[in-house]
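Me: I have a model open here and would like to talk through how it is put together. Could you go through it with me?

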Amino acid sequence: MIPILDLRTLTGPELVAALTRSSCVFVTGHGLTAAALDGVLDTGRAFYGLPEAEKALVQWPGEGPWAGWQPVYAGGPSAPLMERFEVRLTPGGQTAGLDAWGATFPHWPDRPAGFAQAWTAVYAHLHGVASRVTTLVAEGLDLPAADLPAWTEGQHSNLVLNHYLAQETAPEPGRTRARPHTDIGGITLLWADAAPGGLEAFADGEWVPVAFPPDALLVQAGDLLHRWSRGRLPANLHRVVNPPRTGPAGPRYSLVFFHHPDLETWVAPDGEPADGVAARDHVLARQRAAAEEDARMNATP
Ligand SMILES: O=C(O)CCC(=O)C(=O)O
Ligand SMILES: [Fe+2]
C-alpha cells in the first residue's frame with residue numbers, strides 16, 4: 001500500500017518515515033489545479049499530433065541534458081514505445097516573473113497556441129512543490145541546512161509529458177512502455193491517466209500496479225536523493241507495462257516533474273565526500289546509460 005499524505009499538514013519526520021518504508025508516496029494538498037493540468041495535457045496532445053517534421057524543429061539536439069521533443073520510439077526495434085517533450089527553465093530565473101522565466105527555454109514549439117504559457121505555469125507550480133518536499137526531507141533527515149538551496153531555488157528540473165503510443169497490435173517481445181529503472185535525480189512528481197498499461201512499482205519483492213487516488217501526485221525518490229540521504233531513503237524502482245492484449249489499446253499520458261539539485265552540486269553522504277558525485281556528471285552518465293541500454297537491447301537477437 002502506497003501511503004497517501006496531505007502536503008498541507010505533513011511534517012518532515014512523517015514524510016521520511018513513509019519514504020523509508022515504500023520509496024514512493026502519494027501527496028494531496030499540492031495545489032496543482034485540474035485546469036492547469038489540462039492546459040499541459042491539451043497543448044501536449046495537440047503537439048504530439050503534429051507532423052513529425054514540425055516536431056523535429058524542437059527536437060533535443062542529441063547532446064547536453066535532455067530538453068525538447070524526443071521520439072524515443074524511433075530508437076530501434078526495442079526502444080520504449082513513447083515520445084516525450086521536456087521543458088527546463090533556467091535555475092534561479094523564477095524571480096524575474098513567469099513570462100521572463102518561460103522565455104529562458106529555447107525549444108518552445110510554435111504550435112499549438114498557448115503551449116509555453118500552460119507549461120510554464122505548471123512548471124512554476126511543481127517547482128514550488130518540489131522545493132517543499134525536499135525541504136521536508138532535509139528536516140526529517142536532519143541534513144545540512146547549507147545544502148538546501150541547491151535542491152530548492154537552485155534546482156535543475158524538467159517538466160515532461162510522456163506519450164505512450166497506442167498499441168494497435170502487440171509490440172515485439174521485449175518492447176515495452178518503460179523498462180524497469182530508478183529516476184536519476186532528487187524527487188519525481190508524477191501524474192498519470194488511468195489508461196490500461198500503466199505504472200508498476202517494485203515493493204516487497206514484487207511488481208505492484210500503482211493506482212492513483214483522485215487529485216494525488218506520486219512522489220518517487222530518485223538516485224541523487226538516495227545519495228544525499230546517506231542511503232537512508234531507497235530510490236523507487238518502477239516500470240510502465242504494455243496494456244493487456246484484449247484488442248487494440250489506446251495511448252497513455254503521464255506528466256512528470258523530474259527534480260535534481262543544481263547541476264554544479266557535489267552530492268555526497270555527509271562527511272564522506274569521496275563517496276560523492278558531481279550532479280552534472282551523474283545526470284549525463286545516466287542519460288548515456290539509457291541510450292546504451294536501448295542499443296544493447298537492439299543488438300540482442
Ligand atoms: O509514465 C509513468 O507512469 C512513469 C514514467 C517514468 O517512469 C519516467 O518517465 O521516468
Ligand atoms: Fe521513471
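Predicted model: local features only at pLDDT ≥ 70, side-chain atom pairs only at ≥ 80, totals over all residues.

Me: OK, metal first. What coordinates the iron ion (ligand 2)?

Reply: The iron ion (ligand 2) is coordinated by H181 through NE2, D183 through OD and H238 through NE2, at 2.1 to 2.2 Å. Along the chain these donors follow the spacing H-x1-D-x54-H, and the pair of H181 in strand 6 and H238 in strand 11 links distant parts of the chain, 57 residues apart.

Me: And how do strand 6 and strand 11 run where they are joined, parallel or antiparallel?

Reply: They run antiparallel, with 2 bridges joining strand 6 to residues 238–240 of strand 11. H181 stands opposite H238 in strand 11, and both of these histidines are donors to the iron ion (ligand 2).

Me: Is H181 buried or partly exposed, and what about H238?

Reply: H181 has a relative accessibility of 27% and so counts as partly exposed, whereas H238 is buried, with a relative accessible area of 5%. The cut-off for buried is under 20% relative accessible area, with exposed starting over 50%.

Me: Which sheet do those strands belong to, and what is the strand order?

Reply: They belong to an open sheet of 4 strands in the order 6-11-8-9, with antiparallel pairing. Its edge strands are strand 6 (178–181) and strand 9 (206–209), each of which pairs on one side only, and neighbouring strands of this sheet are turned by 25° against each other on average, direction ignored.

Me: Switching topic: where is P248 found?

Reply: P248 is in the loop between strand 11 and strand 12 (252–260), and with a relative accessibility of 64% it counts as exposed. Leaving aside its neighbours within four places in sequence, P248 is in contact with Q167 and E168.

Me: How far apart are P248 and H156?

Reply: They are 92 residues apart in sequence and 38 Å apart in space, taken from C-alpha to C-alpha.

Me: Last one, the largest pocket. What volume does it have, and which residues are the closest to its centre?

Reply: The largest pocket has a volume of about 1,200 Å³. It is lined by 50 residues, of which W66, V72, P80, R84 and A290 are the closest to its centre.

Me: Which element gives the largest share of that lining?

Reply: Helix 7 does, with 10 residues. Strand 3 (68–70), strand 4 (82–87), strand 5 (156–164), strand 6, strand 7 (187–192), strand 11, strand 12 and helix 7 (279–299) each supply at least two residues of the lining. Strand 6 and strand 11, which are on that list, also hold H181 and H238 respectively.

How values were computed
Residues numbered from 1 in each chain as written. Chains lettered and ligands numbered in written order. Heavy atoms only, no water. Pairing = 2+ DSSP bridges. Axes fitted to C-alpha atoms, helices over the stretch in contact; angles between N-to-C directions. Donors = N, O, S within 2.8 Å, 3.2 Å for Na, K, Ca; no water. Buried < 20%, exposed > 50% of the residue type's maximum accessible area, 1.4 Å probe, protein only. Contact = heavy atoms within 4.5 Å. 1 Å grid on protein atoms, 1.4 Å probe; cavity = no way out; pocket = protein on both sides within 12 Å on 5 of 7 lines; lining within 4 Å. Points joined across faces, edges and corners; volume = space filled by probe spheres on them.
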